[in-house]
Amino acid sequence: MSQKVRWACDLDKSVLLGNFEKRGWVQASPDEDWNFYWSSVQTTRNIFSVETGYRLQDDQIINHYPNHYELTRKDLMVKNIKRYRKDLEKEGSPLAEKDETGKYIHLDFLPVTFLLPADYNLFVEEFRKNPSSTWIMKPTGKARGIGIFLINRLSQLKKWSRDSRTSTFAAPSAKDAYVISKYIDNPLLIGGKKFDLRLYVLVTSYRPLKCYIYKLGFCRFCTVKYTPNTTELDNMFVHLTNVSIQKHGEEYNPNHGGKWTVHNLKIYLEGTRGKDVTDKLFDEMYWQIVHSLKAVSGVMANDRHCFECYGYDIIIDDNLKPWLIEVNASPSLTSTTANDRIMKYNLINDILNIVCPNGEIPDMRWNKTPPKECYGHYDLLYDEELAQSEVLERDSKSRIGIATMSLRSRDSRPRQTTTWK
Ligand SMILES: Nc1ncnc2c1ncn2[C@@H]1O[C@H](COP(=O)(O)OP(=O)(O)O)[C@@H](O)[C@H]1O
Ligand SMILES: [Mg+2]
């Protein structure tokens, strides 16, 4: 009989444990010889830290990349995406094309963002261009809406203006650093309420990039009707879609948990706005995800023992333009409703099938291309190897060199290749 996978896990979550048990895998303690570790980000960091000197074996895989924070810390994500656009611009890539106002045509998917206190002066310059605008302050190292607030006056940032003057001498620790982003004050509303999307993206390799999009993402609604009225700027039930915040709202409904499936959203948008614009919106979201990953693929430690399932937060505005808000390394596996539990159980099931096809002992020398039958509710979003071979094929057919896959066609949608949809 074939050997059983030995699993270790830092989280006491039934959606994980149920999946390990279903496969007949055997529990191992974290310091024993495990094959599969679903760890906290801290454990992964310890395992890969130089001090511990731990060396993973060929038959061991783990659910985070050692420096995932290049993508999942708010300040670093912005820094990496800004650098990526600059690099493309220097290369003269058509992807970095700008319009007459200096905005990127294809890569303008982050709300304008600055780091505080470091970029305080740059922020003030931008704020003064449009002094009636609202901005959102977010601590770089926190999650679940903790420490977030909205501002619309410079005087609300006194503390950071002081720190900006001294920060050359006493750099603020990461815990005091904030990002300040232009507040998307025209979110698409459904039933008068703001919502954002939580999309799951599985990365099995950064170089070459291989990633998958989960079809069963969901929308998270606020419990209170949206108003851009500044008297409500302090009311987080109006502005923050985090379930951890909304579940304390008086209007929270535990039956549906303020959630809608992405599938429902699609049907709703097709009905109210039309199929073409809905398709374009989804293409644009996928485009943003792929480019956010490309932006960090060069700096990510592409360890072959690692895979990672990210939780993307995306807001759609009332022009149906999606905005990338943040990427989470440990999206919540807590279930708030019965449907949520089923979805999260399936999410883990499908991840395990892709990274450990047939539930077999992992082998990090494997080229990480699972058979299509293993995708479950995932779709292949981008496979750099496949994309390159398609480009070569196309080039040899047409003899017109197109350097990059997904070069936007005139209707501004990414050119379709077999790598997504
Ligand atoms: N620029 C923005 N414009 C509008 N809403 C935002 C913006 N940034 C964040 N939000 C809202 O705040 C919530 C929390 O922000 P996020 O960056 O995801 O931080 P956290 O790590 O605390 O979840 C988001 O889910 C979204 O509802
Ligand atoms: Mg978030």
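The protein chain contains 12 helices and 16 strands. The model is predicted. Along the principal axes, the C-alpha atoms of the protein chain occupy a box of roughly 70 × 55 × 55 Å. Of the 421 residues, 38% count as buried. Among contacts in the protein chain with a separation of 6 or more, 71% are between residues 24 or more positions apart.

**Ligand shell**

Ligand 1 is surrounded by 19 residues, and the closest are Pro111, Ala143, Ile184, Thr241 and Glu326. By class, the shell around ligand 1 comprises 9 nonpolar, 4 polar and 6 charged residues. The strands in the table each supply at least two residues of that shell.

| Strand | Residues | Contribution to the shell of ligand 1 |
|---|---|---|
| S6 | 135–139 | at least two residues |
| S14 | 308–316 | at least two residues |
| S15 | 322–328 | at least two residues |

**The S14–S15 hairpin**

Two of these contributors, S14 and S15, form a hairpin with 5 residues between them. The pairing of S14 with S15 is antiparallel and runs over 6 bridges. Ile316 stands opposite Pro322 in S15. In the turn, Leu320 has a positive phi of about 60 degrees. S15 is mostly covered, with 6 of its 7 residues buried. In a regular strand, side chains alternate between the two faces of the sheet.

**Annotated span**

An unreviewed UniProt entry places the feature "domain: ATP-grasp" at residues 313–356. In the model, this span is 41% helix and 25% strand. The C-alpha atoms at the ends of residues 313–356 lie 27 Å apart.

**Pro228**

Pro228 is located in the loop between strand S12 (218–221) and helix H7 (236–239). Is Pro228 buried, exposed or partly exposed? Pro228 counts as partly exposed because it has 13 C-beta neighbours inside 10 Å, whereas the exposed class ends at 12 or fewer and the buried class begins at 20 or more. Pro228 and Asn186 are separated by 42 residues in sequence, and their C-alpha atoms are 7.8 Å apart in space.

Conventions: Residues are numbered from 1 along each chain as its sequence is written. Chains are lettered from A and ligands numbered from 1 in the order in which they are written. This is a predicted model: local features need pLDDT of at least 70, side-chain atom pairs count only at pLDDT 80 or more; totals for chains, interfaces and linings use all residues. A residue is near a molecule or strand if its C-beta atom, placed from the backbone, lies within 6 Å of it. Helices (H or I, at least four residues) and strands (E, at least two) are DSSP runs, numbered from the N terminus. Ala, Val, Leu, Ile, Met, Phe, Trp, Tyr, Cys and Pro count as nonpolar, Asp, Glu, Lys and Arg as charged, and the others, Gly among them, as polar. Two strands pair if DSSP finds at least two bridges between them. UniProt positions are given in the numbering used here, feature names are shortened, and annotations may be inferred rather than shown by experiment. Two residues are in contact if their C-beta atoms, placed from the backbone, lie within 7 Å.
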